[in-house]
Amino acid sequence: MAAVQDGQLNLEVEKDIKTEITNDGSGNINANSSSPGSTSSGGKSKSPAGSGEDQQTLLAVLQFLKRNKLTESVDILRREAGLSADADDSPVSESAGAGSGGVPSVGADGGDANSLLSRVSIATPVAPPATAPPKVVAASGGEDQPDVNVVLSAYSQQGDPVLYPLYYNGLKKFIESVLDCHRAELSQVFYPLFVHMYLELVYNNHENEAKQFFEKFSGDQECYYEEDLRILSSMSKKEHMKGNETMLDFRTSKFVLRISRDSYQLLKRHLQERQNNQIWNIIQEHLYIDIFDGMPRSKSQIDAMSGSLAGEGKRDANKAKVFYGLLKEPEIEVPLDDEDEEAENEEGKPKKKKPKKDSMGSKSKKQDPNAPQQTRIPLPELKDSDKLDKIMNMKEATKKIRLGPDNLPSICFYSFLNAYQGLTAVDFTDDSSLIAGGFADSTVRVWSVTPKKLRRVKSAADLSNIDKESDDVLERIMDEKTASESKILYGHSGPVYGISFSPDRNYLLSSSEDGTVRLWSLQTFTCLVGYKGHNYPVWDTQFSPYGYYFISGGHDRVARLWATDHYQPLRMFAGHLADITCTLFHPNSNYVATGSADRTIRLWDVLTGNCVRILTGHKGPIHSLAFSPNGKFMASGATDGRVLLWDVGHGLMVGELKGHTDTIYALKFSRDGEILASGSMDNTVKLWDTLKAFDDVELDDFTAATGHIHLPENSQELLLGTYMTKSTPVIHLHFTRRNLLLAAGAYNP
Amino acid sequence: MRGKGTNVKMATPKTVPKDAQVMIQILKDMGITEYEPRVINQMLEFTYRYVTTIIEDAKIYATHAKKNNVDADDIRLAIQSRMDQSFTSPPPRDFLLEVARQKNQTPLPLIKPYTGPRLPPDRYCLTAPNYRLKSIQKKMSSSAGRITVPRLSVAAVSSRSSTPTFGTPSVQSVTTKVGTQMSLSGQRFTVQIPSSQTAASKSSTPSTPTVQNVLINPSLIGSKNILITTNMVSQNLASESLKRKHEDDDYDAL
């Protein structure tokens, strides 16, 4: 059972049925009848749009008509639909069977049809009231059928809103009485159940009951859901919900719980008792219970993984193969000069006189099985200037300092003065020669870190005068008169929230609250393109490590992949429940990671646009992501002050680094991946030992299969150093090619 | 969280107006504990403006429906229309999923090699000039030896010291009275003898007004391989008769 799918298909089907029935003259009921089918869960779970369902719908309508003594309409409908008088009774008996038959559908086998059928049959007036009918009515798109609504709700929900606290209490008592080992797992049910029941009440305009329900039970929930509960408490009317997309999505998507089989059996047995049927229906409708075989999890294990808005990731959501290896570096002939005498020669060629080949990636000629094909996604070919850059890169890399627990990097901090809390984004070029800052006054400023000043290219007339054949033509094209330490780029009409340099240092991207992403040329320091697509603030943007592609993510919960020469996005990554706050490319440019305010991190495949990993565990919106240089691991930091380490290949959490006390806005791995640096709003930079953290991980088959791992509480041992700044929150970190750590932040006295 | 302390000075109740007290309470209920004192004023202003707008709109709807009093339906309608207009929210998730599914079906386009800076077609870029140069040729009917100096006076062009060339003009359309050549690099106004044939430039006969389309090779923009082309790439003699009705804007000679 997939959580959210193409509900559109259903809606179309339902629309047809709607119009059909309207034409039958029973204009009143066009709303409710169609809905029992698919929109009972808000239209979000897959529904077999087969004739069986249509039949059920028709019969439901007939029942309703009969109840209200609209006999003529009954006749007309029956005649037109070709039903016989006997057909009416069958759904009733079927419902009883389907009701219990639908029960085992929840779970790993995902029997959508059955559960749906049970819901449909429940919708017929005869069956005991459940949440289906009221939602049926309410979810009919807000059409004004007040009399129908009133009738149906009055009928089917007699006492229902009042009963909700009783149901909840009953469940609570049961779970408290259960064995310890199961209790932790079953307690997971509380939060989603509470939220869904509350939203149900609100959606059906039972404001007072909703408030009472909230007051009574909100205190029981886990502490890390506090923010959500606060938002919920502000929504007491249906209209409030309409404005809040996140809550609407929450209501229509299924919250995923992972429960061991034993605990699940317990729960099921209890809820299938007669008096608990309602809760069972609610659970079936809103929760997706992913069952695994094995030991029930402990509270700490559950706590580590939970916290997101949609529950945890389903087991099969994280099963797709992810090519996390790196792409092969192309072979480049390196001209030898004297400086490289002591450089290592990995190919083992004895003679130094021969030009060395770039041996960074060519250790083995075989394709790394975990690496994607070179041509999996089209990548721009290397230009001559890129090759020169790479050679420069290699030369610098030979001077790289080896970091380790006993050899910590030096940290050079760039403080932005007089920013008045307006610094919203920072980026460094890869060779650390330029810094760009995005500000809340909608400007982008670029500074040169090296003594070399920033120059503009000459105008066309002047360019025609220079000698094109001279060796230093690249210097001559620059206009000396425009040399300055910094340049200001104007163009955005809102605060600039994301900045990214292109790897070849020609372009700069900036994303802003005005919904556009702008591409600036660093040769002329003017704006080249404005990419419009998000109509809402774009919180982050990033260039691909190979250039040409870039991603942006914003308030509209969608991340888009663009290429610089297309004015429309190439890929759209939709699936998050709340804003996307952080976007990052994988080093091999085939995958994109997005962190969101719904507290999950999703990994997307650039080729297909599918979500290949859902990683949960953070308890607050995620603000920083980092991939290790070998592409295998990922680190993420959020407002809860924890850094979580993930194994990308398996989709598992492999480490948790506690220590920061405030939001972590910057994360960076060192050039060889030995050290992870994290910078936070608590004015500190912390260094963590990643070699140790990843060494300790044992991933045997069991953990890979079930997906829960026991995290060692070793944050203290992994912490290599804490460096305080003078009231300057750290918002960006960057390791130079020689493994010097650069940090940036705005001085905030 | 309360331990962190607030920046708000809780004035004694008799000096803080009731609205402000309510706003302070709202902020507290929503869990916001630290805020600058002016935030309350901003929130109150917003509230006042919003409520006034809604009520005014509702009044309009009520009069339109020929009702004497404004009732709840009017308010509801006013709120609804204001929500759709100003406070829009992002599209719902199923819609996004559907759109994404369609978009993701198309394969990634192949990348053409050796194309210089990879930018979208010119009309989607911001590289075109957002101004037009006008120049008036005075007494141009006589021809040959005359040097006419057009003054190109346009507000935006005055940025001579900067080089808007690469950033801005990729297509420049210049209306000239006579095809005087001007260097459209934007920084200097070079004077050229109208009837002379300067190399690589096109001059038209004095009598014919010309519209020139000057194209600067887009590959000039932002790449190290700058092709130095002269800015007069082509001259569009064909459209000469269509334009050039603006006799009135006479600009002085430089």
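Predicted model: local features only at pLDDT ≥ 70, side-chain atom pairs only at ≥ 80, totals over all residues.
Residues are numbered from 1 along each chain as its sequence is written, and chains are lettered from A in the order in which they are written. Local features need pLDDT of at least 70, side-chain atom pairs count only at pLDDT 80 or more, and totals for chains, interfaces and linings use all residues, while side-chain values use heavy atoms, with hydrogens and water left out.

Taking contact as heavy atoms within 4.5 Å, 73 residues of chain A touch 50 residues of chain B. The two chains bury about 5,400 Å² between them, 63% of it from carbon and sulfur atoms; buried area here is the accessible area (1.4 Å probe) that two parts lose on being put together, summed over both. On the chain A side, the most area is lost by A:Arg230, A:Leu528 and A:Met572, which together give 10% of what that side buries.

One salt bridge (a side-chain nitrogen of Lys or Arg within 4 Å of a carboxyl oxygen of Asp or Glu) is found across the interface. A salt bridge joins the side chains of A:Glu381 and B:Arg118, at 3.6 Å from N to O. Strand 15 of chain A (residues 526-532) supplies six residues, the largest share of the side that touches chain B; strands are DSSP runs of E, at least two residues long, numbered from the N terminus.

Residues 489-524 of chain A are 53% strand and 0% helix, with end C-alpha atoms 11 Å apart.

Note on methods
Helix = DSSP H or I, 4+ residues; strand = E, 2+ residues; numbered from the N terminus.
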